[in-house]
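Hello,

Here is the model I promised to pass on, with my notes below it. Please have a look at the structure before you read on.

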Amino acid sequence: MGKSTGFMDYERKDGAVVAPEERIGNFLEFHKSLSYAEQQKQGARCMACGVPFCQAGMMIAGMASGCPLHNLVPETNDLVYKGKWEQAYERLSTSHPFPEFTSRVCPALCENACTCGVDGSPVATKENERAIIEYAFENHLVSGRAPSVRTGKKIAVIGSGPSGLAAAEMLNRRGHAVTVFERSDMAGGLLRYGIPNMKLDKRVIDRRIQLMEQAGITFRYNVNVGVDITGEEIMKEFDRVILCCGASNPRDIKAEGRDAKGIMFAVDFLKEVTKKLIANKYDSEKTIAETAFSFKSVKGKHVFVIGGGDTGNDCVGTCMRLGAAEVRQIEMMPKPPISRAPGNPWPEWPRILKTDYGQEEVIARFGYDPRIYQTTVKEFVKDKRGNLKSVILVSLQSVYDEKAKRYVMQPVEGSEKEYKADLVLIAAGFLGSEQYVRDTFGVACNERTNVKTEAGAYETSVKRVFSAGDMHRGQSLVVWAIAEGCAVAKEVDSSLMGYTNLK
């Protein structure tokens with residue numbers, strides 16, 4: 001398989017990254033690409049190991065190991081090594097409809113399950129994929145061609161996030177007529193409004209949507225299903241319906257003073273920044289200069305981000321670009337270890353400390369790590385006008401709950417500390433799908449308010465109505481949403497045609 005000694009002959013090399021002090025001056029993507037010749041060497045590092053966990057996409061100890069899309073990673077890496085870029089794209093596209101998204105935002109489950117990473121650096125599979133898809137776009141290999149035969153079947157996809165787009169793409173390829181309903185003004189869901197531009201340039205989404213429209217997919221924007229149109233009306237018009245509305249109920253923080261002005265959900269904050277950027281035609285300098293919010297500007301403010309995940313980090317990075325005077329990030333859980341603990345062996349997902357781009361930027365600009373571990377907000381303190389002026393934080397400790405039979409985080413008495421704060425962004429995750437969408441179709445939900453289906457299946461309690469993505473499985477990764485979109489497309493196709501030839 002390719003160069004058998006490649007993993008010994010070549011060190012891992014990633015594309016250059018713009019320095020933190022420079023990149024916080026704009027909202028442009030800051031990960032640069034290697035030359036195609038250099039990328040081929042990275043493909044040569046693939047070991048072609050006997051059991052490629054990189055493409056397994058299986059659950060181990062409750063965590064994903066390898067790619068949920070089951071990309072044929074060793075084969076694709078081999079084609080990269082040989083410089084057969086067109087064949088590499090053909091191979092990758094058999095399992096993956098949107099490599100341009102995951103190669104930018106995925107945490108690389110494939111690389112964390114790479115055998116080469118057991119005692120060294122894993123193969124740069126994520127960057128290999130990005131090189132493949134960008135080569136394909138540059139050389140007009142990515143088609144917006146409509147299928148030659150139509151089945152006469154009509155499908156409605158509710159929501160244009162990654163799962164909805166994947167389902168629409170696959171079913172359109174099959175020849176079904178697909179209409180995507182989106183309550184926002186543009187397609188992409190959290191790809192567009194939940195991930196900032198420096199992580200996923202919105203023109204990358206625009207490029208793909210344009211091709212999907214050319215291929216015959218209809219997008220209906222500013223249509224809030226369950227408000228502007230009922231589920232009954234949609235069911236009358238379409239043969240099948242797929243609910244891909246995400247897990248869009250943000251988790252709130254219950255603390256005294258929560259009604260203070262200056263507290264905002266992270267997704268609303270990120271959406272407003274992205275809208276301003278798009279309105280300014282992606283002019284980063286103008287956006288930084290003009291972005292302001294109805295309650296206050298970010299520039300010169302003391303910001304606290306509640307939540308230690310990817311969305312919290314995206315808020316940190318966004319605030320750095322908008323000129324915050326101080327940014328802190330609150331994390332309830334303890335600080336992870338630097339390396340794998342004995343109870344977290346390969347190929348499990350590594351539960352280790354990761355310093356992401358936003359945190360790197362705070363360290364570079366202010367000289368401190370913004371993360372405060374094992375901490376939560378006890379109180380939001382308001383001034384006389386109701387504006388947020390500070391937060392009172394309290395430390396947490398892990399205590400075994402006899403009733404729940406598990407460890408829980410409990411406040412440490414007397415550990416309260418007060419910090420100046422002008423803006424708080426809540427990035428504490430999501431609680432499930434929105435009720436009004438479920439109600440308009442009458443579908444059942446589980447205890448987590450995700451749409452209920454049989455295990456391993458996607459049809460809901462209402463015949464002809466299916467669900468996929470975060471609305472079905474709960475808050476998860478973009479790659480899982482795409483995988484679910486592809487899977488639901490197969491099930492829908494089978495229900496319509498009696499069989500499916502979708503891969």
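In which sense do strand β8 and strand β15 pair, and over how many bridges? Strand β8 (residues 302–306) and strand β15 (residues 423–426) run parallel, and four bridges join them. Two strands count as paired here if DSSP finds at least two bridges between them. Helices (H or I, at least four residues) and strands (E, at least two) are DSSP runs, numbered from the N terminus.

Before the rest, a word on the ground rules. This is a predicted model, in which local features need pLDDT of at least 70 and side-chain atom pairs count only at pLDDT 80 or more, while totals for chains, interfaces and linings use all residues. Residues are numbered from 1 along each chain as its sequence is written, and side-chain values use heavy atoms, with hydrogens and water left out.

**The sheet and its helices**

The β8 and β15 pair belongs to an open sheet of five strands, ordered β7-β15-β8-β9-β10 with parallel pairing. β7 (263–265) and β10 (371–372) are the edge strands; each has a single partner, so one side of each lacks a neighbour in the sheet. Helix α13 (residues 266–279) packs on the sheet and touches β7 and β15, its direction making about 80° with that of β7. Helix α15 (residues 310–321) also packs on the sheet, where it touches β8, β9 (326–330) and β15, and its direction makes about 175° with that of β9. Contact means heavy atoms within 4.5 Å. Axes are lines fitted to C-alpha atoms, for helices over the stretch in contact, and angles run from 0 to 180 degrees between N-to-C directions.

Helix α9 (residues 162–174) has 13 residues and spans 19 Å from its first C-alpha to its last, close to the expected 18 Å. The expected span is 1.5 Å times one less than the number of residues. Because 12 of the 13 residues of α9 are buried, the helix is largely enclosed by the rest of the structure. Buried means under 20% relative accessible area, exposed over 50%, and partly exposed in between (1.4 Å probe, protein chains only). Among the buried residues of α9 are P162, L165, M170 and R174. Just after α9, G175 takes a positive phi of about 110°.

Helix α19 (residues 478–497) has 20 residues and reaches 29 Å, close to the expected 28 Å. This helix is mostly covered, with 14 of its 20 residues buried.

**Salt bridges**

The count comes to 35 salt bridges, taking a salt bridge as a side-chain nitrogen of Lys or Arg within 4 Å of a carboxyl oxygen of Asp or Glu. In one of them, E29 joins R130, with the closest N and O atoms 3.0 Å apart. E29 lies in the loop between α2 (20–23) and α3 (36–44) and R130 in helix α8 (residues 125–138), so the pair ties together parts that are 101 residues apart in sequence. Both E29 and R130 are buried. They also belong to a salt-bridge network that links E29, R104, R130, E134 and R207.

D252 and R258 form another salt bridge, at 2.7 Å between the closest N and O atoms. D252 is partly exposed at 35% relative accessibility, and R258 is partly exposed at 21%.

Best wishes
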